[in-house]
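Student: Could you take me through the loops here, and then the core that the helices share? I'd enjoy one connected walk through the backbone and the packing.

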Amino acid sequence: MEDNLDQFVRESLLKSVELSENLFDKNLNIISTGALILSVTFLNKVIPVYSSLFKWILVTGWGALVCSLIINLWAHWLASRNAMKTLHDHDMQDPNLFAKTQRRNRKMNNITTAAGFSMVAGLLSLVIYCSINIYNTPDPTRLPNPEPERKGMPSYVPSTEPSPSPQVQPSQTPSPAP
């Protein structure tokens, strides 16, 4: 009875760890991708790139988010490969199975941690970039309105000043010749 309970607890804990890792990977991908999309939209709508300051912070943030996605994809590939190696070692009854599995798991934890740090660095870079540029971008409602560019045919605008009344000159008709 004690062995069944111990086995049940062990399996429950393993399922919990697996679920937690899957949720972490999923959330890391969603947050990194969402931040990239939102930052591009933000640039197009709020801060014009040509007038923004510290563009290198933006590029650094984008690079860190892309790295986070790439590292996470690599971690998924490596996890699949490690599972196959562990299965092979188990089937071959390798006496070093436990040590090999621990080494592989440590490597996976390091890779996943790097992906998480890369995501956090990217998000912080984007927040810093946006904060600097929102603070330093002039308020468009306080800028003087330039004269709008006119296109097409010029339109007639009547003068507001009274025009002088036309003077009628007596017509000069040629006198008849004698």
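Tutor: Happy to! Let's begin with Gln-93, which is exposed, at a relative accessible area of 69% (exposed means over 50%, buried under 20%, and partly exposed in between, with a 1.4 Å probe and protein chains only). The model is predicted, so local features need pLDDT of at least 70 and side-chain atom pairs count only at pLDDT 80 or more, while totals for chains, interfaces and linings use all residues. Residues are numbered from 1 along each chain as its sequence is written, and side-chain values use heavy atoms, leaving out hydrogens and water.

Gln-93 sits in the loop between α2 and α3 (97-136); helices are DSSP runs of H or I with at least four residues, numbered from the N terminus. Its phi is positive, near 55 degrees, in a residue other than glycine. Phe-54, also not a glycine, has a positive phi of about 55 degrees. Phe-54 belongs to the loop between α1 (2-45) and α2 (55-91), and is partly exposed at 44% relative accessible area.

Now for the core. The largest nonpolar core has 14 residues, and Leu-43, Leu-58, Leu-65, Leu-126 and Tyr-129 have the most contacts inside it. Such a core is a set of buried Ala, Val, Leu, Ile, Met, Phe, Trp, Tyr and Cys residues joined through side-chain atoms within 4.5 Å. α1, α2 and α3 each supply at least two of its residues, and α3 gives the most, with five.

Take Leu-65: beyond neighbours within four places in sequence, its contacts (heavy atoms within 4.5 Å) include Ser-32, Leu-36, Met-119, Gly-122 and Leu-126.
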